[in-house]
Amino acid sequence: MRKAPQPRGRTGEDKPSYEELERLVSLLKKKVRKLAEANERLRESEEKFETIFENASDHIVYIGVDGTVIDINRAFEDILGYRREEVIGKKFYEFEALSPQDWQKCIDVANALITGRETGDPAFEFEATARDGSKIFIEVKPRAGRSAWTRKAAGTMREWRSRTSAPASSSAAA
């Protein structure tokens, strides 16, 4: 003879008490409140970052490990004449802002930083080409960034009018 199937889950004897349910609801409310506070702090932090990123006088570019441009700020757009939509997802040599050799040096330095290796010079100078074809001497200071989801490098750049006005701490890379 076949046995009747047994009920799944809780039976009447092991249901939580009303007090236990109240305690669990109270704990959940506290966790939800803490999560909401953490989300608010994160939103404020993102707003601060965006304000600094977009209003910095230095030209800032975020680059992925493969050399793909992730983001640029307004100062970068202003100095090189390229719009954000034109460069995100591309490599610098694809829109000819840097020569392939200079771009490769940037990628090598970024990958060294991301993997924790020494890069030597804290800053590099390059000759960049703006969208209008004009030549601009720039100093690039690369920095590594990591998160749980991605590895990337950020570079801040400053323009000089000529190599003779370049900061003394830089080394020629061209």
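Val87 touches Val69, Ile72, Tyr82 and Phe95, leaving aside residues up to four places away in sequence. Contact here means heavy atoms within 4.5 Å. The structure is a predicted model, in which local features need pLDDT of at least 70 and side-chain atom pairs count only at pLDDT 80 or more, while totals for chains, interfaces and linings use all residues. Residues are numbered from 1 along each chain as its sequence is written, and side-chain values use heavy atoms, with hydrogens and water left out.

Val87 is placed in helix α3. Helices (H or I, at least four residues) and strands (E, at least two) are DSSP runs, numbered from the N terminus. Val87 counts as buried because its relative accessibility is 0%. The classes are buried (under 20% relative accessible area), exposed (over 50%) and partly exposed (in between), with a 1.4 Å probe and protein chains only. The C-alpha atoms of Val87 and Glu77 are separated by 9.6 Å, the two residues being ten apart along the chain.

The protein chain holds four helices and six strands. From the N terminus on, their order is α-β-β-α-α-α-β-β-β-β. Of the 174 residues in the protein chain, 32% are buried. Among contacts with a separation of 6 or more, 42% join residues 24 or more positions apart. The protein chain exposes about 12100 Å². Carbon and sulfur atoms supply 53% of that area. Accessible areas come from the Shrake-Rupley method with a 1.4 Å probe; for residues, only the protein chains shown count as cover.

Charge pairing was examined next. Side chains of opposite charge can pair when their charged atoms come close. A salt bridge is a side-chain nitrogen of Lys or Arg within 4 Å of a carboxyl oxygen of Asp or Glu. By this rule the count is eight salt bridges.

One of them joins Glu47 and Arg43, with the closest N and O atoms 2.2 Å apart. Glu47 and Arg43 are separated by about one helical turn, because they lie four residues apart in helix α1. Glu47 is partly exposed, with a relative accessible area of 43%. Arg43 is also partly exposed, at 36% relative accessibility.

Arg84 and Glu54 meet through their side chains in another salt bridge (2.5 Å, N to O). Arg84 lies in helix α3 (residues 84–87) and Glu54 in helix α1, so this pair ties together parts that are 30 residues apart in sequence. Arg84 counts as partly exposed at 21% relative accessibility, whereas Glu54 counts as buried at 12%. Glu54 and Arg84 also belong to a network of salt bridges with Asp71 and Arg74.

Glu86 forms a salt bridge with Arg131, and the closest N and O atoms are 2.2 Å apart. This pair links distant parts of the chain, 45 residues apart. Glu86 sits in helix α3, and Arg131 in the loop between β3 (124–129) and β4 (135–146). Both are partly exposed: Glu86 at 23% relative accessibility and Arg131 at 48%.

Two surface patches were examined. Patches are made of residues with over 30% relative accessible area and no salt bridge; like charges are joined within 9 Å, and nonpolar side chains (Val, Leu, Ile, Met, Phe, Trp, Tyr) within 5 Å. Lys and Arg count as positive and Asp and Glu as negative, with His and the chain ends not counted. The place of a charge is taken as NZ of Lys, CZ of Arg, CG of Asp or CD of Glu. Lys29, Lys30, Lys31, Arg33 and Lys34 gather in a surface patch of positive charge. Lys34 lies in helix α1 (residues 18–55). Lys34 counts as exposed, at 61% relative accessibility.

The nonpolar surface patch is formed by Leu21, Leu24 and Leu27. Together these residues have about 230 Å² of accessible area. Leu21 is placed in helix α1. Leu21 counts as partly exposed, at 42% relative accessibility.

Two further sites complete the account. Asp58 is in the loop between α1 and β1 (59–64). Asp58 is buried, with a relative accessible area of 18%. Asp58 touches Asn73, Ala75, Thr156, Met157 and Arg158, not counting residues up to four places away in sequence. Asp108 is in helix α4 (residues 100–114) and is partly exposed, with a relative accessible area of 42%. The C-alpha atoms of Asp108 and Gly67 are separated by 9.2 Å, and the two residues are 41 apart along the chain.
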